Amino acid sequence: MNSVDFINIPQQEPARQEYFMNKCNEYVEEFIIRNGKAPSFYVATFGCQMNARDSEKLTGILERIGYVQAQSEADANFVIYNTCTVRENANMKLYGHLGALKKKKENDKDMMIGICGCMMQQPEVVEHIRTSYKFVDVVFGTFNFYKLAELLYMRLSGDKTQVIEVLDKPEVNVENLPEKKKYNFKSGVNIMYGCNNFCTYCIVPYVRGRERSRTPEDILEEVKKLSEEGFVEIMLLGQNVNSYGINFLGDSAIIDNNPDYSFPDLLEDVCKIDKIKRVRFMTSHPKDLSDKLIDVIARNPKIARHIHLPVQSGSSRVLKAMNRHYTKESYLELVEKIKSRIPDVSLTTDIMVGFPGETEEDFQDTMDVVRKVRYDQAFTFIYSIRTGTPAATMEQVPEDVVNDRFNRLLELVREVSTETSARFEGQTVEVLVECKNDHMDGYVTGRMGHNILVHFPGDEELIGKFVNVKLTEAKGFYYLGEFIND
Ligand code: 5AD
Ligand code: SF4
């Protein structure tokens, strides 16, 4: 591999990363000569849609360098863990994986390990890896993952055995790098990064930084390009899409001419792109979900009838301690308003039990909200401490009490969502076919606008197409159906 020509390294992104991708490609060429095949990689992704999107970009960079994707981490020469610290305390899991890879690395001098994602934004974690997991090759964070090629090159060309670069805030926003999407008919599109809400239990604002919205021009151009490549479903992504437009990245003529441009306007503009047939969005903070948004969804059939509306707790007292800025009553009013204007809407949520100070009465309020809203699906979490957040130093609820509440909540959620999601049985709905069904021979799996899965006998040629399916049998979280060929 040739050495770096420091004078000629472009200073501007993404040209700088192009330069390093080419340099890493020289390593790949040498690897091929030595081994008779290209090096392989595996990106293991934990956590949310944001991490999944970042992993698509990491994959794109590695393929551009010349790596080929391995089927599992056991077959890969380069394993990257894109970690999560938001949904679960994943530390133990990560260290377990690393322990196993250490052995593999001892027998394979080409083997490399990278770690990135939200966990790496916690200095104590990085320090632990630096001192106790010296065999990890590259460590980077959420603000500089686009620099994978540059960091990999530093590791390959330098004399350091471990390259660590974690930033505490974003430096630049780099969009136009290669990426490899999981599907070629549906895609997530980031509309904003970070979060300003500082819910007292949550680490996101610390590990993903303050809110930054991309300009409408930038987003619409990306969606147009995707539509021309054949993508038909778009999911607009942000930690709180309803506060889209408050802090912008870059210049925007649309905003200059219309300072009130907000998320519903963006949704409508995305729907105007002809070839896009279905538009989704995630996630909505209940405090910011406007009447204007409800109206836009109600009158626009391209927007999926599904709103993910995390409630977290049903107790107004707990919600205040969580810094959520709504009450049990205002949440229920919002739900009623949504249901009356979008009658067949599907509502899903995130619920946490065991937030510090939660009493049985508070917990009963949460159960009451579940009974009243009748969610199609609810993701349930046991509160756990995130170091550095305000709730970490509040008085914790004993573990056995929390576990008991969690089990009762799970049971109720299962009962309610089984009943609720069965309401479409017998109807014929439009389904976007996603994949072959791995468990049922001759079946494919698709998704309704309501975000409910449907399995039905069908040919793989249907993948990526919208088809009509009769929902013959409700199975709790999914349906069995029949392809209606009209
Ligand atoms: N403990 C448990 N669950 C949490 N979540 C966020 N932070 C924590 C925490 N400290 C849950 C919330 C959020 C989802 C993505 O993860 O319910 O909506
Ligand atoms: Fe975390 Fe609250 Fe922001 Fe959601 S809105 S990412 S829970 S701080």
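Trainee: Which residues of α7 are called buried, and what makes them so?
Mentor: This is a predicted model. In α7 the buried residues are P216, I219, L220, E222, V223, L226 and S227. Buried means under 20% relative accessible area, so each of these residues falls under that cut-off.

Trainee: How do you know that the buried residues of α7 line one face?
Mentor: Viewed down the axis of α7, they fall within an arc of 160°, so they line one face of the helix. In general, an α-helix has 3.6 residues a turn, so residues three or four places apart point the same way.

Trainee: What is on the other side of α7?
Mentor: E221, K225 and E228 are there, and they are exposed. Exposed means over 50% relative accessible area, so these residues lie over that value.

Trainee: What span is expected for α7, and what span does the helix reach?
Mentor: α7 covers residues 216-228, 13 residues in total. From first C-alpha to last, α7 reaches 18 Å, close to the 18 Å expected at 1.5 Å a residue. After α7 comes G230, with a positive phi near 105°.

Trainee: What does α7 give to the second largest pocket?
Mentor: α7 gives five residues to the lining, the most of any contributor. The lining has 25 residues, with V174, E175, N176, L177 and R214 nearest the centre of the pocket. About 550 Å³ of space lies in this pocket.

Trainee: How many residues of that lining are charged?
Mentor: The lining has 15 charged residues, along with six nonpolar and four polar ones.

Key: Residues are numbered from 1 along each chain as its sequence is written. Chains are lettered from A and ligands numbered from 1 in the order in which they are written. This is a predicted model: local features need pLDDT of at least 70, side-chain atom pairs count only at pLDDT 80 or more; totals for chains, interfaces and linings use all residues. Side-chain values use heavy atoms; hydrogens and water are left out. Helices (H or I, at least four residues) and strands (E, at least two) are DSSP runs, numbered from the N terminus. The expected span of a helix is 1.5 Å times one less than its number of residues. Buried means under 20% relative accessible area, exposed over 50%, partly exposed in between (1.4 Å probe, protein chains only). The arc is that of the directions from the helix axis to the C-beta atoms. On a 1 Å grid over the protein atoms alone, a cavity is a set of points where a 1.4 Å probe fits but cannot get out, and a pocket is an open set with protein on both sides within 12 Å along at least five of seven lines; lining residues have an atom within 4 Å of a point. Grid points are joined across faces, edges and corners, and a volume is the space filled by probe spheres set on the points. Ala, Val, Leu, Ile, Met, Phe, Trp, Tyr, Cys and Pro count as nonpolar, Asp, Glu, Lys and Arg as charged, and the others, Gly among them, as polar.
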